[in-house]
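Let's take a walk through this one, a stop at a time. Have the chain open in your viewer and follow along.

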Amino acid sequence: MNAIVEQDDGCLAVGGVPIRKVASEVGTPVYIYDEARIRRNFRTFHKAFSRRYERFRTYFSMKANFVPAVVAALVSEGAGLDCSSMFEVAIAEALGVSPERMLFTMCYPDDGVLSGLGKRTIPVNFNGLNEFRRFRSFINGVDSSRLISFRLDPADSIEAEGIKLLGTKFGLPETEVIEAFKEASRIGFCRFGLHTMVGSNVTRSGHFSAVVARLVRVAEAVKAATGVPVESIDMGGGFGIPYGDADPGLDIDQTAGEVAETLKKMLEAWAEPLPWVIAEPGRYLVGDAGVLVASVCGVKRGARTFVGIDASSNIFMRRVLYGTSHRVLVDGHRAVGTPTEAVSVCGQLCDNNDIVVSDIRLPAVRVGDLVAILDAGAYGSVRASNFGAWPLPAEVMVSDGRYTVVRERQSVADFMRRFFLPADTSRSGL
Ligand SMILES: Cc1ncc(COP(=O)(O)O)c(C=O)c1O
């Protein structure tokens, strides 16, 4: 199942709204989100775990999609928010989310981040001991009511699928995590959490239960070393979705069953209360709920066929960044024909790497046709840039058979107003 549905007449629609209606009224390129799908994804995910382990919390990882309308839908379902920048915190606060329903996972924070967090009571997840030490100068030493976590590095022992780990930028090895908690408890901190994030778009069964088993084991070592029970165990995100027809996807029920089984076995001797178990899904909640709709602007046939669209890789960077592929549908494709042509879908940038989706089969499209790139709801619009001075796209959300523009297309005026020329009378003003 996907956000997009082909109607009887061959036209594509999201939540009952034809994409050609959105395209003609809002223009292209445009990201379209299906609110019902986002809500359904949350319920499926959260229920799978919480019905097996009561003290379970789902925090939506805002980095997958920070568009406030998307975040608001998840918050209203009961999701907490996993933030990683102060702008994400600002969005969460603007939506009225209380600090207890947020987490902040930091990674090489500057003083602005540390001081912003120091002024708030949001639980903080430290990437290392130095950050924790620096943080203390922003909270006058010790704040014993604050829940603090340290991040375990993605151990070599756990296979990290689909992610370039680039060494260990993230977290601390087990021994250093234990030392960090010892230091924290020595100076008076007494509310502890443990966090990790291993892998991205993982669809293999057994992965998350292995992650949780490691967290419980380290949590026991922390308790033994400090006498402080770990309150929360956070397995991070990484829950995979299928991007192709042959992809199996992640069986979330099976995954939750394996995690619950592991917890049951490992927490038998754990003194009450049991720890909160946390997951921070991003992609799983929003990935298949978004499509990117673009217009075909040119077709070049030769040794290889290029279909040029008005959504370039600066607004959809997934292939460029991660080498990923996506399903692409053509609106009204029955009028155009069955998929016969092997093509690469490219954008409008003067950049040889500007291939949005490579080597797929499409019907013989013509200029003016609409295409929909599926599963574009996570790490799509939020990674868009103004490369080439192309504008950021519009984004709309479909709810109850109607759509709302939830982010305006960037205008020339909006783009230009951030630039200034140095004072110099020989240059004209912007
Ligand atoms: C700390 C943390 N939590 C959660 C996520 C969300 O990951 P995903 O969208 O793969 O579930 C990320 C993604 O990078 C992350 O870094």
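Two strands count as paired here if DSSP finds at least two bridges between them. Keep in mind that this is a predicted model. With that cut-off in hand, look at strand β5 (residues 56-61), which pairs with β6 in the parallel sense over three bridges. Ser-61 has Asp-82 in β6 as its bridge partner. Now turn to β6 itself (residues 80-83), a strand that is covered on both faces. Gly-80 and Asp-82 point to one side, Leu-81 and Cys-83 to the other, and all of them are buried.

Strands β1, β2 and β3 form an open sheet in the order β1-β2-β3, paired antiparallel. β1 (4-6) and β3 (17-18) are the edge strands, each with a single partner, so one side of each has no neighbour in the sheet. β2 (residues 12-14) is joined to β3 by two bridges in the antiparallel sense, and here Val-14 stands opposite Val-17 of β3.

On to the helices. A pair of packed helices is described by the angle between their axes and the distance between those axes. Take α2 (residues 35-50) and α9 (residues 252-266): their axes come within 8 Å and cross at roughly 30°. Angles under 35 degrees count as roughly parallel, so α2 is roughly parallel to α9. Their crossing is right-handed. On the α2 side the contact is made by Thr-44, Phe-45, Ala-48 and Phe-49, and on the α9 side by Ile-252, Asp-253, Ala-256 and Val-259. Sort those residues by type and you get six nonpolar, one polar and one charged.

Now compare α7 (residues 174-186) with α8 (residues 207-226), whose axes come within 9 Å and cross at roughly 40°. From α7, Glu-174, Val-177, Ile-178, Phe-181, Lys-182 and Ser-185 meet Val-218, Ala-221, Val-222, Ala-225 and Thr-226 of α8. This contact divides into seven nonpolar, two polar and two charged residues.

Is Cys-190 buried, exposed or partly exposed? It has 17 C-beta neighbours inside 10 Å, so it counts as partly exposed. Beyond its neighbours within four places in sequence, Cys-190 is in contact with Ser-144, Ser-185 and Val-228. Ser-145 lies 45 residues away from Cys-190 in sequence, yet their C-alpha atoms are 7.5 Å apart.

A few loops deserve a look at their backbone. The peptide bond from Thr-28 to Pro-29 is cis, with omega near 0°, and Pro-29 sits in the loop between α1 (19-26) and β4 (30-34). Another cis bond joins Glu-272 and Pro-273, with omega about -5°; Pro-273 belongs to the loop between α9 and β12 (276-279).

Finally, check phi at Asn-140: it is near 55°, a positive value in a residue other than glycine. Asn-140 is in the loop between α6 (129-136) and β9 (148-152), and with 8 C-beta neighbours inside 10 Å it counts as exposed. Asp-400, in the loop between β19 (394-399) and β20 (402-407), has a positive phi near 50°. Asp-400 has 9 C-beta neighbours inside 10 Å, so it counts as exposed.

Methods. Residues numbered from 1 in each chain as written. Predicted model: local features only at pLDDT ≥ 70, side-chain atom pairs only at ≥ 80, totals over all residues. Helix = DSSP H or I, 4+ residues; strand = E, 2+ residues; numbered from the N terminus. Axes fitted to C-alpha atoms, helices over the stretch in contact; angles between N-to-C directions. Contact = placed C-beta atoms within 7 Å. Nonpolar A, V, L, I, M, F, W, Y, C, P; charged D, E, K, R; others polar. Buried ≥ 20, exposed ≤ 12 C-beta atoms within 10 Å, placed from the backbone. Parallel < 35°, antiparallel > 145°, perpendicular 65-115°, else oblique. Left-handed = near helix turned anticlockwise from the far one by under 90°.
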